[in-house]
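Let's take a walk through this two-chain model together. Keep the sequence and the 3D view open as you read.

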Amino acid sequence: MIDKFVRSMAEAMDGIKDGSTVLIAGFGDVGAPNALIEGLIEQGATNLTVVVNSGGRNRVAGVEPSGLTKLVALGRVKKMISTFIRAQSIAGELVRTGKMEGVVIPQGTLAERMRAAGAGIPAFYTPTGAGTMVAEGKESRWYQGRECILEEALPGDVALVEAWTADRWGNLVFRDASRNFNPVVAMAGALTIVQTHHVCDLGQLPANEIVTPGIFVNRVLHVPAGDPKPVV
Amino acid sequence: MTEHTYKPLGRSGMAARAAQDIPGGWYVNLGIGIPTLVADHVPAEREVIFHSENGILGVGPAPAKHKENPWLINASSQRVSLHPGGSFFDHAMSFAMVRGQHLDLCVLGGFQVAENGDLANWAQSAESGTGQIGGAMDLAVGAKQVWVIMEHTTKGGEARLLKRCTYPLTAPRCVTRVYTSLAVLDVAERGFVVRDIIPGLSFEELQAKTEAKLHR
């Protein structure tokens, strides 16, 4: 019997190696697999390349960093690929002081590079970023009268996903705007690990409504994480 | 030259001025900051469908406090509502809408716009490794119309409408119209064409606050 449910965080994080590329879904706190990030911190893998939409929060006096911001603050990330790294954030600090490499890329390019990885497309041309700093070092050519740059697929050794409901085959549905990067991150990971608010029996998710089919999913951990926090 | 008295538009005033010009039936993405305020100024009877790049079509207004849904935020991470008929989708689909030229309009904030339509709105120096691109480069390249809302000059009085941008570009030759605190300008073949100036300000006075040459 196929059963992708794991019973503990240790089991969910088992085998993640130092030096891994980790794709992390979520937009703000919504759809962010925060429990899995805490699990990764606990698990100990280091020297990571992290791919995530936003590079995390600023340092706030008296507040312990959590989630992604904590992983970064602990020095476990050697390289971050992101659309948004604020200069004043902890990630920005580490980039400025040369302790972490930062690569800031367009959000659509980030999504499409992961989709491409999941779809077996090694690279694609896009006009997004042509004529900007993003184009530096990239091949370019003209299509339909526009300059386009070559962007490569962005696969992950590990993908961290948050779902609303999952079954034992790893079929996933998402709640409202928490879908965001989750389906593309799921398809781009060699080892895709899901935290889910709810679980259900096989057959209970209507086939017409499944968003991420279980073929993209390796492990599922039941984490009733509660509502996303508002941005302060 | 006599000094006239005039009152520059504030954030809400600029947003309202841009909202006036959005026709019913358009699919529109609103950027972070002042552009987000545009939605509040589109009359309820004019059906405009707002896209948010985190995977929403049909974004509605901010909900009452007791009706907030923590799972429903816009690209500025503000809690929003969903218009009847609205839909959710993933980031790849969302940016297919953007990059595939399906949006009629995006309204972005800006630091600088050049007379050839170049936009700079994501970084103020060429230092790489940090910066806030978000969805701006995709939107600037992908939307059929790109409008920028920004103060006409910096706080220090320096021009933002330039011959050439000095900050790193978001995209070259993308801006089609600019709404500033002082004027509405189209970006045409010959450069900035002034469509509208706030009351009490002359064309010459506007030119004095603008590096690029203005056309009537």
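## A word on contacts

Two residues are in contact here if their C-beta atoms, placed from the backbone, lie within 7 Å. Please also keep in mind that this is a predicted model.

With that in hand, which residues is A140(B) in contact with, leaving aside its neighbours within four places in sequence? The partners are L108(B), L119(B), V146(B), T170(B), A171(B) and C174(B).

## The nonpolar core

A140(B) also turns up in the largest nonpolar core, which has 124 residues. It is one of the members that touch the most other members, a group that also includes V107(B) and I149(B). From chain A, that group holds I24(A), L160(A) and V185(A). The largest share of this core, six residues, is supplied by strand β10 of chain A, which runs over residues 156-166.

## Where the chains meet

Turn next to the interface: 42 residues of chain A are in contact with 36 residues of chain B. On the chain B side, three elements each supply at least two residues: α3 (91-99), β8 (131-132) and α4 (136-142). The largest share, five residues, belongs to α3(B).

Strand β5 of chain A, residues 84-85, pairs with β8(B) in the antiparallel sense, over two bridges.

## Chain A as a whole

Chain A contains six helices and 13 strands. Its radius of gyration is 18 Å, close to the 17 Å that the globule rule gives for 232 residues, so chain A is as compact as a globular protein of that length. Taken along the principal axes, its C-alpha atoms fill a box of roughly 50 × 50 × 35 Å.

How much of chain A is made up of buried residues? The share is 50% of the 232 residues. As for contacts between residues at least 6 apart in sequence, 74% of those in chain A join residues at least 24 apart.

## A three-stranded sheet in chain A

One part of chain A to look at is an open sheet of three strands, in the order β7-β9-β8, with antiparallel pairing. At its edges are β7 (123-126) and β8 (140-143) of chain A, each of which pairs on one side only. On average, neighbouring strands of this sheet are turned by 40° against each other, direction ignored.

β7(A) pairs with strand β9 of chain A (residues 146-152) over four bridges, in the antiparallel sense. Within this pair, F124(A) has E151(A) in β9(A) as its bridge partner. Helix α5 of chain A, residues 107-119, packs on the sheet and touches β7 and β9 of chain A. The direction of this helix makes about 150° with that of β7(A).

## Chain B as a whole

Chain B has five helices and 14 strands. What radius of gyration would a compact globule of 216 residues have? It would be near 17 Å, and chain B, at 17 Å, agrees with that. The C-alpha trace of chain B spans about 55 × 40 × 30 Å along its principal axes.

Of the 216 residues in chain B, 46% are buried. Among its contacts between residues at least 6 apart in sequence, 62% join residues at least 24 apart.

Notes
Residues numbered from 1 in each chain as written. Chains lettered and ligands numbered in written order. Predicted model: local features only at pLDDT ≥ 70, side-chain atom pairs only at ≥ 80, totals over all residues. Core = buried A, V, L, I, M, F, W, Y, C linked by C-beta atoms within 7 Å. Buried ≥ 20, exposed ≤ 12 C-beta atoms within 10 Å, placed from the backbone. Pairing = 2+ DSSP bridges. Rg over C-alpha atoms; globule rule 2.2 N^0.38 Å. Axes fitted to C-alpha atoms, helices over the stretch in contact; angles between N-to-C directions.
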